[in-house]
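Please look over the model below before reading on. My notes follow it, and they are meant to be read with the structure in view.

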Amino acid sequence: MPRHCATCSRTESEAKFYGDFCEFCMKDKIFNGLPEEIEIRTCKRCERIWTGTRFTAPTKKAVDEALHLRLKGYSIDVKEYNGDTVTVELGKDLKDGTITTEKSLKVLQDKVVCGDCYKRASGYWEACIQLRGGEARVAKTAERIEKYVGHTGAFITKSENAPNGIDIYVSDKKTVNEMVLYFHMKPITTYTLYGVKQGRRVYRNTYSIHL
Ligand SMILES: [Zn+2]
Ligand SMILES: [Zn+2]
């Protein structure tokens, strides 16, 4: 006596079974309550998305993490994301195996300004690099610095011409500390008390570099 699905009466020869139900009815039961839309927090300036821990470029992995904030209880495999819609394969582990479905969700962008963009807009900086020397050397070094900083999470707030060189203001002093080591620069570093944040003294660093 072949087994029949408790809902649609399909037999085991017509479909895979999960418990008392065929795969079609099981899919309906599990995935029917899915939303048609999903909210993803997005920075309106840099278009990076919030993953729960950070803002980052919308790679497959990042979109995956962002979706996990909203879709609980499923495994998620992002197939396609274009900012307006996201196509995912959702899975649920059951006793008789994993059941999956593919779904396209409309993306609702919850638009915010991320911390980095906020800092950028407000002219935030922690490090000032003072390059001094011949014009060509200064220009070449400034270019290397711009390139280096561009590959990190930090940014250049502004560059100003100064007598005999250029002043480059950078958002993050840790990045600059790493950079001077990387380029074997030998700066004279001075520290200026900038303020007190959460009970800690905050210093801005000035790196004086003669080329
Ligand atoms: Zn069925
Ligand atoms: Zn941003």
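This is a predicted model: local features need pLDDT of at least 70, side-chain atom pairs count only at pLDDT 80 or more; totals for chains, interfaces and linings use all residues.

The points below go from the chain as a whole to its metal site and then to some of its strands.

1. Overall shape. The C-alpha atoms of the chain fill a box of roughly 95 × 35 × 25 Å along the principal axes. The radius of gyration of the chain is 27 Å, whereas a compact globule of 211 residues would have one near 17 Å.

2. Make-up of the chain. The secondary structure consists of 5 helices and 13 strands. Of the 211 residues in the chain, 38% are buried. The chain exposes about 13100 Å², and 48% of that area comes from carbon and sulfur atoms.

3. Contacts along the sequence. Take the contacts between residues at least 6 apart in sequence: 48% of them join residues at least 24 apart.

4. The zinc site. Which residues coordinate the zinc ion (ligand 1)? They are Cys5, Cys8, Cys22 and Cys25, each through its SG atom, at 2.2 to 2.4 Å. Along the chain, these donors follow the spacing C-x2-C-x13-C-x2-C.

5. Geometry at the zinc. The 4 donor atoms around the zinc ion (ligand 1) subtend angles of 106 to 116 degrees, so the arrangement is tetrahedral. The cut-off behind this is that all angles must lie between 85 and 135 degrees for four donors to count as tetrahedral. For comparison, the ideal angle for four tetrahedral donors is 109.5 degrees.

6. Are cysteine 22 and cysteine 25 buried or exposed? A residue counts as buried when its relative accessible area is under 20%. Cysteine 22 is buried because its relative accessibility is 0%. Cysteine 25 also counts as buried, because its value is 11%.

7. One of the bridges can be found by locating aspartate 93, whose partner in strand 8 is threonine 98.

8. Strands 3 and 8. Strand 8 (residues 97–112) also pairs with strand 3 (residues 37–43), here in the parallel sense, over 7 bridges. Isoleucine 38 has valine 107 of strand 8 as its bridge partner. When tracing strands, remember that side chains in a regular strand alternate between the two faces of the sheet.

Key:
Residues are numbered from 1 along each chain as its sequence is written. Chains are lettered from A and ligands numbered from 1 in the order in which they are written. Side-chain values use heavy atoms; hydrogens and water are left out. Donors are N, O and S atoms within 2.8 Å of the metal (3.2 Å for Na, K and Ca); water is not among the atoms, so sites may look incomplete. Four donors count as tetrahedral if all angles lie between 85 and 135 degrees; four count as square planar and six as octahedral if opposite donors are over 155 degrees apart and all others between 65 and 115; anything else is irregular. Buried means under 20% relative accessible area, exposed over 50%, partly exposed in between (1.4 Å probe, protein chains only). Helices (H or I, at least four residues) and strands (E, at least two) are DSSP runs, numbered from the N terminus. The radius of gyration is taken over C-alpha atoms; the globule rule is 2.2 Å times the number of residues to the power 0.38. Contact means heavy atoms within 4.5 Å. Accessible areas come from the Shrake-Rupley method with a 1.4 Å probe; for residues, only the protein chains shown count as cover. Two strands pair if DSSP finds at least two bridges between them.
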